[in-house]
Structures are given as structure tokens and as C-alpha cells.
Amino acid sequence: MKKISIIVLLTAGISFSCNKLVEEPSSLITAAQFYKTSADASAAVSAAYSSLNSDIANDFPIYGRNLNLLTGNGSDDQIFSPSNTNPDVRALGTATYITSNDRLKKNWQQHYYGISRANVAIDNIPNIDFDTTLRARFVRESKFIRALLYFNIVRLWGDAPLILHDPTTVDVNSLKVARTSKDSIYLQIISDLTDATNLPKTYSGADKGRATSGAAHALLAKVYITRRDWTKALAEINTVINGGYGYALFANYKDAFQKPTKNGAEHIFSVQYETNLGAKNSVQWLSQTNFGSFNPAVYPGDIPADSTLYKLFAPTDTRRDVTFFTTLYNAATGQNVFFGAPRFAKFIDFSLSPLTNQAQSGINFPVIRYADILLLDAEALNEINGGPTQEAYDAINKVRTRASVPNLTAGLNQSDFRDSVFLERRKEFIQEGMRWFDLSRRGGTYLYDALKIYPAKTGAAVKDTLYPIPQAEIDLNAQITQNPGW
Amino acid sequence: MQTKITNAFKPFLTTVFFTIFLQLFLMAQDKEFIFLGKVVDEKTQFPLGGASIQIKGAYHEVIADNEGQFIVKTVQKFPFVISISYVGYETKDITVENAQKLTIGLTETKNKLNEVVIVGYGTQRKSDITGSVASIPKNILSQPAASFDNLLQGAVPGVAVTQSSGQPGSTATIRVRGGNSISFGNDPLYVIDGFIVYNNNSYTNTGASNGTGVNALSTINPSDIESIEILKDASATAIYGSRGANGVVMITTRRGKKGSNDISYSTYIGRQSINQKLSLLNASQWASLVNDINVSDNKPKTFTDSAIAAFGEGSDWQSAALKDANIQNHELSFSGGDDKSRYLISGNYFNQNGTVVNTGFKRYSGRVNYERNISDRLKISTNVFGSQTIEDKLFGSPYNSINFSGAYPTLLLTSPVALIKNADGTYNKTSPYSTTPTNPLLDVYETTNRSNISRVLGSISAEFKVLKELVLKITGGADLINSKQNYYAPSNTGSPAGSSTGYQAGSYASVGTATAVTWLNENTLTYDHAFSNTHFLNLLAGYTTQYQKDESVVATGQKFPNDLTTYNNLNYAATAVLPSSDAHKSVLNSYLARVNYSYLHKYNLTISGRADGSSKLGANNRWGFFPSVGLSWNASQESFLKKFNPTISNLKLRLSAGQTGNSEVPPYSSLAALSPTNYYFNSTLVTGISPLQVANPDLKWETTTQYNAGIDLGLLSNRITLVLDAYYKKTSDLLLNVPLPFYTGYLSSLQNVGSVENKGIELSLTTDNIKTKDVSWRSTIVFAVNKNKILSLGNGVNYYFPIAPLGLVSPVIVQVGLPVGSFWGYNTNGLLTADDIAKGVPILAGVSQKEGDRKYVDYNGDGVISTADKHNLGSAQPKFTYGFSNTVTYKNLDLSFLFQGSYGNKIFNLLQQKLEIPTLSLNASATLLDRWSTTNPNGKFPRATNAPVAQVTDKYVEDGSYIKLKNISLGYTFSKGIITKIHAKQLRLYVSAQNLLTITKYSGYDPEVNFYENDNTKQGIDYGIYPTYKTFLAGLNITF
């Protein structure tokens, strides 16, 4: 009896005691298990794309409001909305932001986050054994995204850390690097984009929305324009226009911001959004912050600086009522609601019912539209030839004609034509993440002269032509220097 | 008769003592006698070696040998009186008539010294303990409570308990001697009848439901609990190694007693009502506010004067959602035993209706405790309990979400002008003044937000005496938690928290289940030996292994054709939301050992150590070793102090040092995890997969080094007892998310850096103020000071801001030199005057502040109010906490009450801030009646203007000090004579009240509030919690 019980007890004890101290996660993929198949490669590239339309902490994505807070509130298009409770958002609109501004930090973070995802794809995919054509394409798509993000970084902050590989350690000291010069970063961007020009011209079916060779050429054009390398820019522009890509302006300006026409002839590269995917839905915050309710007393998150922006447009300009609304139809009450001062309408998804359900917006963010290329064409020709050529007029007038605006006054000198192009860009691309870049790339006092027109922005100064490096980054790594004036 | 001399006469005797002493001394030169004797335990006849024998009045004492034998040589003449004493036994005086050998039996004392206390993996005489161990007093443990963690508050020093909210069944934050960790696991470890339970509330929160977390501890029936001990210092907790740093709560449930068969029924019923309501604007006051906003924004007034007058009181949304509610508890138990077996079988039903409509908490539970001596050498026992709890919650932000939303704040913020019901009795769902046109009261009524939790915790153990003094104990057990959460918002309700659904979605259903299983096997060998009854040795060695696994699933559907099937059939949903599932497993293997040594129960030594291997830590650092040493000295047993007995009836000094750990990181924290993201090609979802974190194979536990010094003092036969402890704790290798340079693409990585210290003093003073046959009065004061400070955050990091809700600025900072989670904001100095504006005092950067706006203090003096002017506004951690409990009995009547309080803690009243922002759509606090305007230039609150910037200011970081009359009860126990007629053994009736009185300056519902529940960096934030209530109860306990 006793012996039996001892044996039973010991057996019970021992049989319990065989737990091994190893982690074999069943609910988690780890890096060691991944990057083995073409499907893994595809997922790695999709992750790089998704850095454009989503944020890991459900903050505003780069191309879903966050970049706009710098390029919109930081420009003369917007100040801030009374509903902005975050003082850092307000500070961006009043040129009173400081180096610890949380929106600046978030933008910086999100850009490098996307770059990291692209780096991981670029580093790992060549080691996977699958179709070489597809493999090369995946790497080139990732390079396009890396170049796009570095192009934003170098324009917003100037010199910046140039990171091309994923870290292999968590030791902060061995992760410290200094800023790389603007020129070196541009070399990397150009090199990545040059490789990306080997991407397919178009995609069919399930791949629509991926980066194309046309997108790479278009982005190269924008890079060269920013670098004032007019000749190279023009070459890229001509490739985009005449390279057989089939790009064209939509007949209706509105179609550039509608779901049925997404990834259409005018869209060279867009960040994708979709409706009704439940938890997998990335929120296009530009839709949501443009329209929250039918209550005129409640302000949306982003509003025009003042009515002058609205008044830039001739009443016949078809862009005006696509870009703004003053009255909306409330299907629930069957009444039109008048909102008073104009509010942004461009990114409201009008197909949604009820309209207040903008978290479900499926409006893509057009990063590069054909209209952009046409206006850059006009600009480059004007710069190269010391004044506008007929070709330059033709380019800008295509954009104006589509908007039902008369042709630009003929016979302008170079300077006036340049101003006209920039004005046209402003009207064409409200809320499309362009304005601050356009103001800053003209150099000199142009940016802050434009800002100072607004009493709220009188503090704008030369230091504002580059944003400050986020303070947290400098606190962590003394090798990172601050931009002048900060 | 002299053997009957009781303590009451002793002070009297001491005075006589010296007279006798003097006489004896004079006689000292006489002839020597020899007297032999033996000291035994009167009950067991076991010899008591080490007992001391002293002739009354003589100078020296002799000590009994191993066999209890002693020889006294004396010159005294018979008869004389000897006094025999032994630790834990009543001292006995005997008159010796002649030299004949005497056997003297001593009886065990009933005083506390001899009590056996439950400690880790065993029991120990209270007198031998070297560590800091506090027992929850019986009178507090017997108070009615929904969950036993409610009872720990104010009961012992150094245990701070804060209820998260008034939601029945909600969580509480429990901290033993402050929080050691910044990011993970500050909860104590629970050991229930020897079974180790780390209370992980995420096991009971699947993600389908929302609102406050479900408290996993509330699954346990508090009236099953016989005793609770809190192990506080390293000497006591190091035996729990990597889980001992936050203290250990040892819970022992009731068991049957030998020689009885009892049937007990106990019950109470009661009524709860809300403590207080917030004062908000009524309809006409709100309409005037809206007009004022319009005027200051140069816009036309919304309401005419006659319209304002006509609004009158309007809708009182707050009151409409509150009600008085019932609470009841029933319990039936059978217990008893004989020489070989002991049993307890109990069943419990508890039902607490909420004071907010459509909320409540129910528990059904049962327990079987059984043990049997199969032979002289083998004993088996089992403890099993099962329970089901059903909690209907007020919906709000999802569990563990940082964002603010919730039914309750929405109710408070809804305009009083909006009608609750239409003239025809239906709920009104239109409001031109509301941003979200919903009826929050309807939403609360109609929304189902239910958590069903089933839990079985059972263990079986066998104790086998391998040798007479060597016991092998093998325990196997399991803790199974199964949660099913159901959420349904019908088509006529508004948005549930955190998602754009409700009216927009048509209807919204979500179901989730989570199962968590913990298997535990413990094998210990205990060797217990007394050498010559002078050296007492207890050795413990063991091996334990624990396996944990949890799995969860959540599925959600939207747009149902009707509300008939609610959450029960998601197939009817027109829109399916992506389901999700998760699973984790982890293993903890441990070796443990302990030496308890005592010399004569005077000098005591405890050395313990545990080696823990955790699968959750990095591959390079899985094993940790946690040692401790403790010393104690029962000084009152020394002869030089014995003569002060019973003036100084007990004096014990304790000293301990040791290391314990914390490894409560989620599984897989050290791995290079990849996470999914979404993108769309051709309008079709594709899943991206990318790194989430960089691998850290060096990840290890946090180590807390703790030093403790304590005094236990008993005066006047222990009518006054004092326990005083001082401690210092330093927690290093903190598990912190170390910020990485953003350019790496990663925000942070979990690493071991930084340190936090906690130091404090704890005091517990119990006095028997009156102790007579008919009347007794005992008071206990507990008092604890804890100072928490961050010593380092590692790597040159001086501070960081915990993640704030989207679009808001973090109200708290984690900064070196400050307590964890200090509030960070601006000082204010009244309102801006015209004079200020003229003088150009500093104003908020980027805001055109005007006369009547809030005036901020330019803390750094740079002439502008910017984020650089923010500074420390205090923390949620109290300067000290205290409790004052009393039990008074008069004949059969008993009265007890407990005051409990906290001093110096701050609360960020985010709700009040929100209620004091004047908007055109939301209701506001009645304080805004005193707003500045040209007609009220002395108003204390800022002028009415649309959307001022909400800032964290000292205005809303309020003093959260409070004192509460936690409970008071009056009972009557019937005399034997009366109840024997109904064949009862015991009958007690009582009435009781809880939370009857709260004295505080805090302006919110209750200073006990934690919107973020267990998040250590965001303690003391109030965003419209479920309001608290007072309870009146009447109860009955009867035993047959």
C-alpha cells in the first residue's frame, strides 16, 4: 500500500515536471521563420507600402493627414481649426512650433519606419529563391517607396541619417549615426529611382496601385525640379508624357478624388484607401477631419486659413466646389445644411451613407497626378528657356482648361509665368501635400514672406524653411545636429 | 490556586516581588537543597526542553534539558514558589512543598506569539518569523464585500488598494509597499491554498466587450476565506523568487474542524445609493452659456431670452441613469471532520445590481476542501472551487485602451436642452445641439455588454512522511479561466466606444472567448527537527514547474436585419468584421530552498533562495537566482527583559535583506516578432508583414533588492501591540521600453535599464482599550509612508511621456527624480485681466488669449507660455495612507467600524476639465455659472469662448486626499440558551453600512479612481468613471 502510493506520487511528480524552457510561439511569426518564399517577399513589400496609409499606433498615416499637418498648416493654406485640441497642431499653423513638436516627431518617425520596412524588403528578398523577374520587381517597388520617403525627409529636414539596413542590435550606442549630407541622400534617391524605372509600365488586375516605371520617372522629375536641375527634370517629364504610359487628365477634376476612378489615367502614384474592410480598414483621416457631422457649430480638424483661399478661385473654376463646400445635403433629415465659411471637401467620400461615416472613406491620396507633371513641365520649360515657350503655355493651359478656367494670359515674362505656375499649383493641389514644398523650394524669403501675410503666422522666419530635427532624436544621440536657427 | 495566577494580577505582583526578593536575599546563606523536576506540554506530555525555571525572588534561573528535566539547587527552605516559563506557553507558578520530583505541565498560551502563520511553502510560529508578515484582522475579513481585494484596504499598513471605479466587479489597483516596476507587473502574487495565481486581468478581457476591466479576483467568494497574510519583505517573499518583488498575498480558505459537523447559512441583503452627483448646468443655464460663446465669437445669439427662460431645468441625464439598487448574498456551508478526515463544502450566490441602469454583477460559486489521513504517514487533500460570474458593464473605452470614451461621460456631457423622451414616451434621438445625435440613456439601456467568466481552481496534494521528520509533499493543480464576452448594440443605439457603429452600422455585435489554463506541479521536501529542544531546524527544498497557456477569439458583425438574435448568430450580419485570435504559452521552472533555524525561539534565522527559469525571458538570461536572509531576536525572552514582563510582554527585533524579481512581461517579448499591416491593391486587401521589434536575447527579470528592519512590541500583557517596519527597496534592471533612435525604424525595444526606489515606514498599533467580562474595545491604527522615486531611466534618458490618447498631450511624465507617473502641466494664476493684457503678460503661444481667459504662469520666465513652462504638479502616489479600525463588544452586541484614508495623492480630473470647456454642443459643469464676463468681472472661471485649448493645469490636478468611513457594522450574537431551542450553535444578526462618509476636497465623484486601472504610469486619472455608492446591509449568520 505504502510502496504503491510512493510510486504513484513520484510518477505523478515526474510526469508533471517535463516542461521545457523554450519559446515556440504559435501565434506569432518571428524573423527567423520568415523571408523564405515569394509570398513572404510579397508581404514584406506590402508592409513597405502600408507605411504610407497606416500608422502602427493608429495615429494619422503619413498620406492620411500627418504630412498635411506640415505641408498644410505649415503653409499659407491652413492655420488651425478651433477643434484642434493638440497645441502642437496649432503651433504648426502659427509658426510657433518648437523642436519637441509631437507632429514633427511623428512624421519623422513614420518616414523612417517606412524606410525600415523598405530596407528589410530590399535586404531580404534577394536571398529568397523564386522567379527572378518578380524578385527584381519587388526590390524595385521597395526602392521606389524608400526614395519617396527619403525625398520627403530631405525636403523637410535637409541633412538626415541615411539608413539602408535594418539594425541587428538593440544597443543604443552602436545604433548612433550622424546626419548624411543632403547631396548624398539625393544621390541615393536618384540611384533607387533609376533602378525603379525598370518597373513595369502598368499592372493588370490584382496589382493595380503598385509603383510603376512611370511613377519612378515622375518622382525623378520632381527630385530634379527640387534640385533645380531643369534639364534632367525635363527629360524625365518628357518620358512621363511621351513614354507611352497613357497618362491623361480626367475630364472632371472631381474624378481625381473619387472611388470609381481611382488609379485612373491621371493617377501616376496614389496611396490606397478602401471602404468597408472592418478592422483592416486604414482610416483616411483627411476625409474624417474634413467632415465630422452636420453640425455647423462643430469644426472639422482641418479648415482653410481664411476665406482668401476660397476666393482665389473664379466661381466658374470647377476645382472650387470640389475643393470646398459651404452647404451639404443631410440625407437623414432631407435638408441642406449651410455651414457658413467654406470647408475642405476634397477628401470627403461622398459615396458613404451616412455621410458622417468618414472613417470608412475609400478616397486614395494622389501623391503624383498627371496635372503635377504638366505644371512641372511648364515650370521647367520656363526656367530652361529664360521664359515661357508655347509648349510651357500648352502644359499649364491643359490644367486650366480642365478646370474650366480661361487660358493663361499670353506673353508673360519668365518671372510672372513662374508666379502663375505656382499659383496654379496652389489651386490645383490644396490638401495634396504640396504647398509647403512648393513654397520652400523657391528658396530665399519666399516661404516666410508667404506665411507672414497671416497675422497668426507673423513669427515665421528664415529658420522655418527647414523643419527642426525632433528634439528626442538629438537627446538620444548627440551626433545628430540641429538645423540652423533652432 | 497559585497556578491560576493570571496576567491581570501580575502588575500587582511585581510590586510585591521586590519585597520578597529582599527577604530571600537575607536568607541566602542557609543550607542548600536539591530539587528535581520535569517540564512537559500538559496536553501532549511532550517534554519541553529549554523551559526556564526560576525560584520566585531568586536571582538565577535554570533551563530544562532535552528531556525537559531540570535540577534546582537552592538554599531556600520549603515551601517556596517556582515560576516555569516557556515561549508560547503560559507561565506557571507552583509552590514546592518538598524535594519530591515534580512533573509540571504547561499549557499553550492563546496569545499571538504562539500563533502559526502561513508562509510560503509552509507554516511558521509567529515568534520565529524574521520577515515582515501582516495578517488581515478577522473583524475586517468578515465584512461583506464583492471581492476580497476590497477588504485589504486600510487593514494592514503598506498595502494600498484603489478601486478603479464603482462598476460592480471592476478591478482594483493593489500595491504592496509602492510600485517597483514602471512598465510591467506591479500586482502582488496571490497564493490561494498554496496554489500560485498571478492575477492577469487580460485573461478575463477578451476584447469583445469594452468598458472597465473585469476583475479576475472577483471570481473568488470572499466568505470562503479563513485568513489572509501579506508577505512584504524579501525574507518572506524570496521563496517566490522572480514573482516575489511585489509582495505576496497568502490566502487560506476555510476548512472543517475535527469533531464537529456544522451547517452554516449566512446571508445579507442591502441597498446601494449613489454618494453624490456632479452639479451640471440645467437647460436654461446651458443656453445662456451657448449665447455667451456666440457673443464672444462675434456671432449672433442662438437663443432668445424667452427661449432660455422656457427651457427651465431641462433634462437631467445624470439622474436619469442612476438608481438605487439591491445587493444580496447567500451562503450555505457544511463543514466538519473526525480523526481522519476534515471537510468543507460551501455554495455561494452573490448578486449586486448596479447603481447605473443596466449594470450589475452576479456570482455563483462552490467549494470543496477535503483532507484525509490515509495512514500515519500519508495524508491527501484537495481544494477545489468553481465559480461563474456574470458582469453587466457600462460600456466605455476598450480594456487597456488609452483613448477616452464611454457611456457615462457621454451622459454627463449631453446637452440638458435635448429631450430624454418624446411626448409619446419613446426615446428622443435627435438633438440639434449634439455632435453625435444619439440618446446616451437609450444606449445604456439597450446595449448588452456582458462578461461571463467561469473559473475552476483545484489542487490535489499528498504529504508523505518519508521519515518521522521528513515530509515529501507533492501538489498538482490547475487554474482554468474561461471568459465569454458578449456585446450587442441594437440598431436604435448610438456608437459603442471606439468604433463608428451604432446608428451608422445599423447594429453591432461582438463575441469573444478567452481560455487560460495554468498547470502547476510543486514537489517539496521538509525536514523539521528540534535538537535538544534548543535548536530548531526546518529545512525546505523543492522543485516546481508551471505551464501557462491562453487562447482567445473575437468575432464581430455589423448591420443585422433585426435585433432578434442579438450577439448569438453573427451569420445574420451584413458586414463581417475581421475576426481575430491569439494564443500564448509560457513555462516557469523553479528550484527552491529554505533554512529556518531558531535557538530557543529567541534567535531566529531564515535563509531562502529560489532559482527561476522563465521561458518569457531572453534566451541568454532565462534563469535568475533570488536569495534572502532574515534575522530576528525575541529580546523579551532574555532574562534582563523578562523582569519587565508583563509591562514589556513582547519585544522582537527583525532584520532582513534579499532580492526578489519581476518577470511579468508578456510571452514572446524577447523575440524578433513580425506584425501584419494592411494595404490595398486594386481595392483588395493585401497583408503586409514587417518587423515589430528587434530581438533582445538578453532580456531578463527586474531585480528588487530590499532591506527591512522591524520591531514587534507588546506592552501590558500584549494589550498594546505595535509593529513598526522600515524598508528600502531598489529595483534595478527595469523592464523598460528603451527609446531607439527613430531613424532605426523602431520606436523602442524592451530592455533592462534604469532603477526605481521605494522607501517607507509602516506602523500598526493595536490596543485593547477595554477588556472586561462584558465590555471589550479594541482599536487598530495602521499607517504607512512610501516614497517612490525614479533613480534612472538608463542610457542618458532623463524623461519620457507615456503614450497619450490620440490628439491629446500626455498629462503625466516619467522623469528621473520624480515618482513614477507624475502629473506634468502648467501652473495657473487666475484669469487674465485687462491690465495684464495691457502690460503684455506672457500668454499661450499660438493662441490669442483675451481678458477673462486662463492666466498661465511663465515658469521659466522666457516671456511666453510654451511647453517649456510645464513642470511637476505632483503624483497620484500618496504621501501616506492610514486606517483606523475599532471593534467594541458589550455582552452580545458588537460594533465595528473602519476609517481609511490617503493623504497627499493628486488626481488629474480630466472629466472636470472637459466639463469646464464651454462648447456649443456639450453640457458643462455648474462651476461655469461663475464664468468671467463683462457683467461678472470677478468670475472665477474663464470667459465663454468656443474651443479653448485644453491644457493640463494645476486647476485640474486636484488634491485627492480623503478619509472614508469604509464600513460600520453592528451585530448581535444570541446567547446559547436561546438558540439551543432552535438547535443552533451560533446565531448572529447584524446591520452594516459601507462608504457611508467620505471627507475629501476632490471635486469628482470619488477620490478613489483609476481610469487606466493598472497602468502604473497613468494612475489617478479620472475620466468619468462609474460613480461610487454607499451601501446599507442587514445580515444573518446561523450555524447548526
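How many residues of domain 1 of chain A are in contact with domain 2 of chain A? Keep that one in mind while we get our bearings, and remember that what you're looking at is a predicted model.

As for the opening question, 16 residues of domain 1 of chain A touch 15 residues of domain 2 of chain A. Looking at the domain 1 side of that contact in chain A, you get four nonpolar, nine polar and three charged residues.

Now pick out two helices in chain A. Helix α6(A), residues 132-157, packs against helix α7(A), residues 182-196, at an angle of about 150°, and their axes lie 8 Å apart. Angles over 145 degrees count as roughly antiparallel, so that is the label for α6(A) and α7(A). The crossing of α6(A) past α7(A) is left-handed. On the α6(A) side, the residues making the contact include A:Phe144, A:Ala147, A:Tyr150, A:Phe151 and A:Val154. From α7(A), the contributors include A:Ile185, A:Tyr186, A:Ile189 and A:Leu193, along with A:Asp192 and A:Asp195. Sorted by class, the residues of this helix contact come out as 10 nonpolar, one polar and six charged.

Next, step across to the other chain. Here 85 residues of chain A are in contact with 76 residues of chain B. On the chain A side, the elements giving two or more residues are α1 (2-16), β1 (29-30), α2 (38-50), α4 (87-93), α5 (102-124) and α18 (471-476). Of these, α5(A) supplies the largest share, eight residues.

Strand β1(A) is joined by two bridges to β30(B), residues 673-681, and the two strands run antiparallel. To find the spot, look for A:Ile29, which sits opposite B:Leu674 in β30(B).

One has four strands in the order β3-β2-β5-β6, with antiparallel pairing. Its edge strands are β3(B) (61-63) and β6(B) (92-96), each of which pairs on one side only. From one strand to the next, the twist averages 25°. Inside that order, β2(B) (residues 52-55) and β5(B) (residues 80-85) pair over four antiparallel bridges, with B:Gln54 standing opposite B:Ser83 in β5(B).

The other open sheet also has four strands, ordered β38-β39-β40-β43 in chain B and paired antiparallel. Each of its edge strands, β38(B) (799-800) and β43(B) (871-875), has a single partner strand, so one side of each is left without a neighbour in the sheet. Between β39(B) (residues 812-815) and β40(B) (residues 822-825) there are two bridges, and these strands run antiparallel. B:Ile813 has B:Ser822 in β40(B) as its bridge partner.

Strand β44(B), residues 880-890, is joined to β45(B) by 11 bridges, and B:Phe880 has B:Tyr903 of β45(B) as its bridge partner. The two strands β44(B) and β45(B) form a hairpin with two residues between them, and B:Lys891 in the turn has a positive phi of about 50°.

From there, β45(B) (residues 893-903) goes on to pair with β48(B) (residues 962-973) over 10 antiparallel bridges. Two places to check are B:Leu893, opposite B:Tyr972 in β48(B), and B:Phe897, whose bridge partner in β48(B) is B:Ile968. Then β48(B) pairs with β49(B), residues 986-1000, over 11 antiparallel bridges. B:Tyr972 turns up here again, with B:Leu989 in β49(B) as its bridge partner.

Conventions: Residues are numbered from 1 along each chain as its sequence is written. Chains are lettered from A and ligands numbered from 1 in the order in which they are written. This is a predicted model: local features need pLDDT of at least 70, side-chain atom pairs count only at pLDDT 80 or more; totals for chains, interfaces and linings use all residues. Axes are lines fitted to C-alpha atoms, for helices over the stretch in contact, and angles run from 0 to 180 degrees between N-to-C directions. Angles under 35 degrees count as roughly parallel, over 145 as roughly antiparallel, 65 to 115 as roughly perpendicular and the rest as oblique. A crossing is left-handed if the near helix is turned anticlockwise from the far one by less than a right angle, and right-handed if clockwise. Two residues are in contact if their C-beta atoms, placed from the backbone, lie within 7 Å. Ala, Val, Leu, Ile, Met, Phe, Trp, Tyr, Cys and Pro count as nonpolar, Asp, Glu, Lys and Arg as charged, and the others, Gly among them, as polar. Two strands pair if DSSP finds at least two bridges between them.
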